[in-house]
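Reader: I would like a close look at a single part. Please take me through the pocket and the helix packing beside the text of the model.

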Amino acid sequence: MRYLPLTPADRAEMLGVIGAASVDDLFVDVPAEARLAGTVPGLPNHASEMAVERHMASLAAKNISAGSAPFFLGAGAYRHHVPASVDHLIQRGEFLTAYTPYQPEIAQGTLQVLFEFQTQVARLFGVEVANASMYDGSTAAWEAVAMAGRVTKRKKAVLCSGLHPHYVSTIRTMAKFTGDVIEWAAPRLEAEPDTAGVIAAIDGETSCVLVQYPDILGRVTDLAAIAEAAHAAGALLVAVVTEPVALGLLEAPGNLGADIVVGEGQSLGVGLQFGGPYLGLFGCRDKFVRQMPGRLCGETVDAEGRRGFVLTLSTREQHIRREKATSNICTNAGLCALAFSVHMTLLGGEGLAKLARVNHARARQTAERLAKVPDVTVLNGAYFNEFTVILPKDARDAVRAMADRKVLGGVSLGRLYPDAPELARGLLVTASELTTDEDIEALATALEGVLA
């Protein structure tokens with residue numbers, strides 16, 4: 001619908017119908033001190049379309065886009081090559097909708113896509129079942145905590161220190177409304193994750209343990225050891241995967257004892273998209289499927305024996321009694337799930353493994369070059385495509401100075417953990433198949449310059 005401003009006559013007619021003398025009468029309940037007395041300082045009352053376009057373009061020109069400079073950002077949002085065929089396929093008329101099929105039996109194409117998506121996620125995560133996607137990784141992590149509480153009848157979740165702080169924030173926010181106890185502490189700048197500390201925090205009241213794999217510092221945690229300790233205490237292990245490409249090389253979490261595996265699917269098919277929309281991945285063991293949130297598509301046959309697809313489970317408030325609902329999740333990120341599934345299909349198992357090997361090789365090359373920069377220390381002993389370096393100064397200042405040199409040099413831990421000064425010198429660096437030799441050298445040169 002086009003935006004067409006109302007004329008004074010239009011406004012007068014509308015006010016007459018509702019019995020108001022003026023527009024101000026509509027806001028009489030708003031306290032006078034809360035109203036804007038005049039124009040907004042520094043903002044013009046109006047401008048022409050061309051003037052606004054020029055102004056917005058000049059503002060946009062101050063940004064550095066991901067594809068226009070050496071790019072080493074990550075921390076839960078990753079830049080990978082998305083084949084042109086992905087966008088071509090998802091824009092076909094049969095697919096171009098993010099809307100959930102409310103009459104699922106007549107949406108066979110959409111249901112089949114989601115069924116294939118579930119199969120891919122389940123195989124990637126090493127679990128028996130996956131749902132038809134969720135909003136994003138952080139809310140999927142919270143849903144795992146809630147699900148573990150339903151399964152174990154307990155209200156305490158232990159979060160590993162290496163869990164992404166944005167995921168921690170989401171979980172804490174939701175736990176305020178459910179009464180769940182959340183145990184978490186910021187990570188330390190150590191080469192290995194605090195596996196012993198996580199295990200020590202598990203007790204008879206623990207519903208689940210959440211472990212990011214690899215974690216926010218790029219370290220790879222021993223999931224099997226934590227799974228054994230959690231199960232011995234009657235708790236569940238929830239693995240959180242923010243970079244699914246890593247599972248092209250790392251062992252699937254479900255194979256290492258994870259009961260629930262969640263994560264972010266943005267890496268495959270979706271792209272950075274200025275921060276969203278993203279794609280929540282959620283899988284679990286078959287015995288817990290009745291407590292799984294979201295929607296589950298299944299395969300069946302119709303009355304004539306022909307293959308068909310249905311919503312096997314949709315345990316939300318709209319479909320069942322509220323007290324029996326496993327979640328208030330009302331939809332799935334259908335279009336992003338389609339993009340993920342198309343990209344995964346184009347890669348195949350061998351392609352994903354090859355992509356993962358290239359990512360790791362590029363990260364190793366980057367780490368080896370940065371280790372030669374004076375006063376820079378590479379923290380990690382093991383990593384996938386993301387690792388942490390320790391600088392001799394606040395990494396936030398270094399990141400800004402590198403950006404001024406047209407290099408997006410990583411994510412400062414001080415930005416992620418503003419209340420933890422001991423992490424301020426940490427810089428999270430990510431490489432991918434898009435990282436070139438020239439990019440790596442530009443990063444090292446820029447870092448040498450800002451630290452000199």
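Author: Contact here means heavy atoms within 4.5 Å. Helices (H or I, at least four residues) and strands (E, at least two) are DSSP runs, numbered from the N terminus. This is a predicted model, where local features need pLDDT of at least 70, side-chain atom pairs count only at pLDDT 80 or more, and totals for chains, interfaces and linings use all residues. Residues are numbered from 1 along each chain as its sequence is written, and side-chain values use heavy atoms, with hydrogens and water left out.

Helix 5 meets helix 6 through Gly-137, Ser-138, Thr-139, Ala-141, Trp-142 and Val-145. On the helix 6 side stand His-166, Tyr-167, Thr-170, Ile-171, Met-174, Ala-175 and Thr-178. The residues of this contact split into 7 nonpolar, 6 polar and no charged (Ala, Val, Leu, Ile, Met, Phe, Trp, Tyr, Cys and Pro count as nonpolar, Asp, Glu, Lys and Arg as charged, the others, Gly among them, as polar).

Helix 5 (137-152) and helix 6 (165-178) each supply at least two residues of its lining. So do helix 10 (395-404), strand 12 (411-412) and helix 11 (413-416). Helix 10 gives the most, with 5 residues. In total, 44 residues line the largest pocket. Phe-71, Leu-73, Ala-77, Leu-272 and Gly-275 lie nearest its centre. By class, the lining has 18 nonpolar, 18 polar and 8 charged residues.

Terms used:
1 Å grid on protein atoms, 1.4 Å probe; cavity = no way out; pocket = protein on both sides within 12 Å on 5 of 7 lines; lining within 4 Å.
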